[in-house]
Amino acid sequence: MPYHQATLTLPAYARGIHIITPLIEDAIEALIPHSSEAGLVHLFLQHTSASLAINENADPDVRLDTEDWLNRIAPADQPEYRHTLEGSDDLPAHFKSIMLGVSLTIPLINGALGLGMWQGIYLCEHRNHISQRKLVITVNT
């Protein structure tokens, strides 16, 4: 089974939960031959203060509620945190990244991402001030 790989540079997003499914779909379309029917898509985010997730893609309140929930679980500005050199939001960002993870594997079905009707791929940006993020896309066809 051949592998195809590319690194997608994501724009700098504000802190929060962002649907990046269309960007990934475009990158996959450019990466694999149109004759590919089935396979696996692996996504790996090369960062420790952001994460990837799959969830609701229709109602933006899900993304807002998810961000609120994560901030309650791992709040910023905690006096017991030692890792604060990069800001009070840095260690909570690492915690959130650990909880959600930085990789996803999605089936390729009929040459497209095999997501459910209401599923979208999230970039969960956990920092207040960031730059671009790198996402490695590997497709096995």
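Axes here are lines fitted to C-alpha atoms, for helices over the stretch in contact, and angles run from 0 to 180 degrees between N-to-C directions. Helices (H or I, at least four residues) and strands (E, at least two) are DSSP runs, numbered from the N terminus. The model is predicted, so local features need pLDDT of at least 70 and side-chain atom pairs count only at pLDDT 80 or more, while totals for chains, interfaces and linings use all residues. Residues are numbered from 1 along each chain as its sequence is written, and side-chain values use heavy atoms, with hydrogens and water left out.

Let us begin with helix α2 (residues 60–73) and helix α3 (residues 90–100), whose axes come within 10 Å and cross at roughly 115°. The crossing of α2 and α3 is right-handed; that word applies if the near helix is turned clockwise from the far one by less than a right angle, and left-handed if anticlockwise. On the α2 side, Leu70, Asn71 and Ile73 are in contact with Lys96, Met99 and Leu100 of α3, where contact means heavy atoms within 4.5 Å. This contact is made up of 4 nonpolar, 1 polar and 1 charged residues. In this count, Ala, Val, Leu, Ile, Met, Phe, Trp, Tyr, Cys and Pro are nonpolar, Asp, Glu, Lys and Arg are charged, and the others, Gly among them, are polar.

**Two open sheets**

Strands of a sheet pair through backbone hydrogen bonds, either parallel or antiparallel. Two strands count as paired if DSSP finds at least two bridges between them.

| Strand pair | Bridges |
|---|---|
| β5 (residues 103–109) and β6 | 2 bridges |
| β4 and β7 (residues 119–125) | 7 bridges |
| β3 (residues 38–45) and β5 | 7 bridges |

Which residues face each other in these pairings? Leucine 108 is opposite leucine 113 of β6, alanine 53 has tyrosine 122 of β7 as its bridge partner, and alanine 38 is opposite isoleucine 109 of β5. The hairpin of β5 and β6 has 2 residues between the strands, and asparagine 110 there takes a positive phi near 50°.

Valine 102 sits in the loop between α3 and β5. Leaving aside residues up to four places away in sequence, valine 102 touches Leu43, Phe44, Leu45, His47, Ala50, Leu52 and Ser97.

**The largest pocket**

A pocket is found on a 1 Å grid over the protein atoms alone: it is an open set of points where a 1.4 Å probe fits, with protein on both sides within 12 Å along at least five of seven lines, and lining residues have an atom within 4 Å of a point. The largest pocket has a volume of about 180 Å³, volume being the space filled by probe spheres set on the points, which are joined across faces, edges and corners. Its lining includes Glu25, Ile28, His34, Asn110 and Leu113. Helix α1 (21–31) and β6 are the elements that give two or more residues to this lining, and α1 gives the largest share, 3 residues.
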